[in-house]
Amino acid sequence: MAFDKDSIIASLKEASISDLNDLVKAIEDEFDVSAAAPVAGGAGGDAGATKDSYDVELTESGDQKVKAIKAVREITGLGLKDAKGLVDNVPSIIKEGVSEDEANDLKAQLEEVGGVVTLK
């Protein structure tokens with residue numbers, strides 16, 4: 001079966017973050033793969049190195065979903081539908097490539113409304 005990659009890319013550009021998140025999960029389930037970046041390891045790694053940037057992942061939305069959605073909207077600038085999609089479909093990356101201080105601030109905001117957050 002042939003497919004038109006340009007058409008697929010054009011469709012992806014128009015999709016919402018929530019739709020793209022659902023697509024990634026569906027591909028992972030269908031093909032038994034993971035979209036997560038591989039973690040480099042081995043004897044040559046510097047165990048004492050600090051990270052330059054962090055991803056903030058909401059792993060559980062908690063029992064205050066409305067407040068969690070509001071917090072995600074505030075953090076990301078997303079619309080209601082997309083923010084709700086991230087909260088409903090945990091685990092979800094809320095923000096990528098932020099400093100350690102910002103990541104900890106965002107984690108505190110989400111935990112304040114009952115969310116469980118992982119910094120990656």
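User: Which helix gives the most to the nonpolar patch?
Analyst: Good place to start, and please keep in mind that this is a predicted model. Helix 2 gives the most to the nonpolar patch, with 4 residues.

User: Which residues form that patch?
Analyst: Phe3, Ile8, Leu12, Leu20, Leu23, Ile27, Phe31 and Val33 form it on the surface, and together they have about 720 Å² of accessible area. Helix 1 (5–14) and helix 2 (17–31) each supply at least two of the patch residues.

User: Let's take Phe31. Is that buried or exposed?
Analyst: Phe31, which lies in helix 2, counts as exposed because its relative accessibility is 57%, and the cut-off for exposed is over 50%.

User: How far apart are the end C-alpha atoms of helix 2?
Analyst: They are 21 Å apart. That agrees with expectation, because 15 residues at 1.5 Å a residue should span 21 Å.

User: And what happens just after helix 2?
Analyst: Asp32 comes there, and it takes a positive phi of about 50°.

User: Changing topic: how many salt bridges does the structure hold?
Analyst: It holds 6 salt bridges. One of them joins the side chains of Lys5 and Asp6, at 3.9 Å from N to O. Lys5 counts as exposed at 53% relative accessibility, and Asp6 is exposed too, with a relative accessible area of 52%.

User: Which residues are linked in a network of salt bridges?
Analyst: Lys65, Lys84 and Asp88 are. The side chains of Lys65 and Asp88 meet at 3.3 Å, N to O. That pair links distant parts of the chain, with Lys65 in helix 3 (residues 65–76) and Asp88 in helix 4 (residues 80–88), 23 residues apart.

User: What about Asp88 and Lys84?
Analyst: Their side chains meet in a salt bridge at 2.5 Å, N to O. Both sit in helix 4, and because they are 4 residues apart, about one helical turn separates them. Lys84 is partly exposed, with a relative accessible area of 40%, and Asp88 counts as partly exposed at 31%.

User: Last one, Ser92. Where is that found, and is it buried or exposed?
Analyst: Ser92 is found in strand 2 (residues 92–98). At 1% relative accessibility, Ser92 counts as buried.

User: What is Ser92 in contact with?
Analyst: Leaving aside neighbours within four places in sequence, Ser92 is in contact with Asn21, Val56, Glu57, Leu58 and Leu86. As for Leu86, its backbone oxygen lies 2.7 Å from a polar atom of the Ser92 side chain.

How values were computed:
Residues numbered from 1 in each chain as written. Predicted model: local features only at pLDDT ≥ 70, side-chain atom pairs only at ≥ 80, totals over all residues. Heavy atoms only, no water. Patch = residues over 30% accessible without salt bridge, like charges linked within 9 Å, V, L, I, M, F, W, Y side chains within 5 Å. Areas by Shrake-Rupley, 256 points an atom, 1.4 Å probe, with all protein chains shown as cover. Salt bridge = Lys/Arg side-chain N within 4 Å of Asp/Glu carboxyl O. Buried < 20%, exposed > 50% of the residue type's maximum accessible area, 1.4 Å probe, protein only. Expected span 1.5 Å × (residues − 1). Polar contact = N/O pair within 3.5 Å; in protein donor to acceptor, adjacent residues only side chain to side chain. Contact = heavy atoms within 4.5 Å.
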